[in-house]
Amino acid sequence: MENFILYEEIGTGRKSVVYKGRRKGSINFVAIICSDKSKRHEITNHVRLTHDIKHENVVTFYEWYETSNHLWLVVELCTGEMLIWYCKNTFVTVCQPFTFTFHKV
């Protein structure tokens, strides 16, 4: 993690903290998630699932690191309003249940 500069804390979770940061020598900001090692199983699954996904509606996973006490994930920084704020402040009417169709690829 010595290659990154951490700025302000932008979020917290159960046993995780999210920082705004950037790689030294770069002007591009990223989100850096610092998780307790007790979440190793969850983090490993997250990395496996998101490593190869490249889609405009999915946060891009860049890399991860392990230190003596923590697991660090470097992911795309999403700016703008928080989703929970948007959901609470937007009137939404659901007319019919959602239907999902899965296709074999």
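Trainee: Before we look at anything, what is a salt bridge?

Mentor: A salt bridge is a side-chain nitrogen of Lys or Arg within 4 Å of a carboxyl oxygen of Asp or Glu. Please keep in mind, as we go through the examples, that this is a predicted model.

Trainee: How far apart are the N and O atoms between glutamate 66 and lysine 37?

Mentor: In the salt bridge between the side chains of glutamate 66 and lysine 37, the N to O distance is 2.9 Å. This pair links distant parts of the chain, with glutamate 66 in strand β4 and lysine 37 in the loop between β3 and α1, 29 residues apart.

Trainee: And what about glutamate 66 with arginine 40, how far apart are the closest N and O atoms there?

Mentor: For the salt bridge of glutamate 66 with arginine 40, the closest N and O atoms are 2.5 Å apart. Because glutamate 66 lies in strand β4 and arginine 40 in helix α1, the pair ties together parts that are 26 residues apart in sequence.

Trainee: Is glutamate 66 buried, exposed or partly exposed?

Mentor: Glutamate 66 counts as partly exposed, at 45% relative accessibility. Lysine 37 is also partly exposed, at 26%, and arginine 40 is partly exposed with a relative accessible area of 33%.

Trainee: Which residue does arginine 23 pair with?

Mentor: Arginine 23 forms a salt bridge with glutamate 63, and their closest N and O atoms are 2.2 Å apart. Here too distant parts of the chain are linked, as arginine 23 sits in strand β2 and glutamate 63 in strand β4, 40 residues apart.

Trainee: Switching topic, which residues make up the largest nonpolar core?

Mentor: That core has eight residues in all, namely Ala31, Ile33, Ile43, Val47, Phe61, Leu71, Leu73 and Val75. At least two residues of this core come from each of β3, α1 and β5, and β5 gives the most, with three residues.

Trainee: What does leucine 73 touch?

Mentor: Not counting residues up to four places away in sequence, leucine 73 touches several residues, among them Ala31, Ile33, Phe61 and Trp64. There is also a second, separate core of six residues, including Phe4, Val30, Cys34 and Val74.

How values were computed: Residues are numbered from 1 along each chain as its sequence is written. This is a predicted model: local features need pLDDT of at least 70, side-chain atom pairs count only at pLDDT 80 or more; totals for chains, interfaces and linings use all residues. Side-chain values use heavy atoms; hydrogens and water are left out. Helices (H or I, at least four residues) and strands (E, at least two) are DSSP runs, numbered from the N terminus. Buried means under 20% relative accessible area, exposed over 50%, partly exposed in between (1.4 Å probe, protein chains only). A nonpolar core is a set of buried Ala, Val, Leu, Ile, Met, Phe, Trp, Tyr and Cys residues joined through side-chain atoms within 4.5 Å. Contact means heavy atoms within 4.5 Å.
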